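Open the model in a viewer and keep the selection panel at hand. The stops below go from a pocket to a sheet and then to a pair of helices.

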Amino acid sequence: SLMAFQLPPLKYSFNALEPHIDAKTMEIHHDKHHAGYTNNLNGAIEGSALEGKTIEEILSQVSKQSPAVRNNGGGFYNHSLFWEIMSPDGGGEPAGALADAINARFGSFNEFKAAFSKAATTQFGSGWAWLIVDASGELAVTSTANQDNPLMDISPLKGTPILGLDVWEHAYYLNYQNRRPDYVSAFWNVVNWNEVANRYANAKS
Ligand code: MN
């Protein structure tokens, strides 16, 4: 039979991102929320023509699929990216080609941070903020509702996500309650710029 999607293991411990993201939030977020999206995605595609396709293939034609595929396929992909673009050794600023592209597109790293933070704090309700590489190879900041993402054909602004921030309340409420801007501010301390740079290089190639 075809391989089902697997919940990717965290590459660091639940408490590794403290004090910026607390251990209990990480445990519930990964072991309950992400596991749920993964299991529900597998259930939604079982026995269908989507079995055996990559998640990118599924998301690129998600307008033809059920809400369960859209919501859980997005949830599976988005969280898989999210764990990877954070690290206990994160923070600071990007270097190399990614830094050059951010400076060219946004003016400076701080102006990029402001644009991304605004996208994250102003996304109404549940959703995600993104830094993407669009079809012309340019960087752009955007946000999406619920578990949508810019890989989806239904997304108004399409591209390859290289950085994403989960702004669902389940991502921060235990530690930050209603203070989403404080969570967004703390996020910069754990961004794994090496991973973001790798994703930028892959998206450009
Ligand atoms: Mn989440």
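Select M3, A4, F5, N42 and I45: of the 12 residues that line the largest pocket, these lie nearest its centre. A pocket here is an open set of points on a 1 Å grid over the protein atoms alone, where a 1.4 Å probe fits, with protein on both sides within 12 Å along at least five of seven lines; lining residues have an atom within 4 Å of a point. The volume of this pocket is about 150 Å³, counted as the space filled by probe spheres set on the points, which are joined across faces, edges and corners. Its lining comprises five nonpolar, four polar and three charged residues. Ala, Val, Leu, Ile, Met, Phe, Trp, Tyr, Cys and Pro count as nonpolar, Asp, Glu, Lys and Arg as charged, and the others, Gly among them, as polar.

The model is predicted, with local features requiring pLDDT of at least 70 and side-chain atom pairs pLDDT 80 or more, while totals for chains, interfaces and linings use all residues. Residues are numbered from 1 along each chain as its sequence is written, and side-chain values use heavy atoms, with hydrogens and water left out.

Next, select residues 127-133, which are strand 1; seven bridges join this strand to strand 2, and the two run antiparallel. Helices (H or I, at least four residues) and strands (E, at least two) are DSSP runs numbered from the N terminus, and two strands pair if DSSP finds at least two bridges between them. W128 is opposite T144 of strand 2, and G127 has A145 as its bridge partner. Five residues separate the two strands of this hairpin, and G137 in the turn has a positive phi of about 85 degrees.

Widen the view to the open sheet: three strands in the order 2-1-3, paired antiparallel. Its edge strands, each pairing on one side only, are strand 2 (139-145) and strand 3 (160-166).

Finally, select helix 4 (96-106) and helix 5 (109-122), whose axes are 8 Å apart and which pack at about 70 degrees. Axes are lines fitted to C-alpha atoms, for helices over the stretch in contact, and angles run from 0 to 180 degrees between N-to-C directions. Which residues meet here? I102, N103 and F106 in helix 4 meet F109, E111 and F112 in helix 5, contact meaning heavy atoms within 4.5 Å. Four of these residues are nonpolar, one is polar and one charged.
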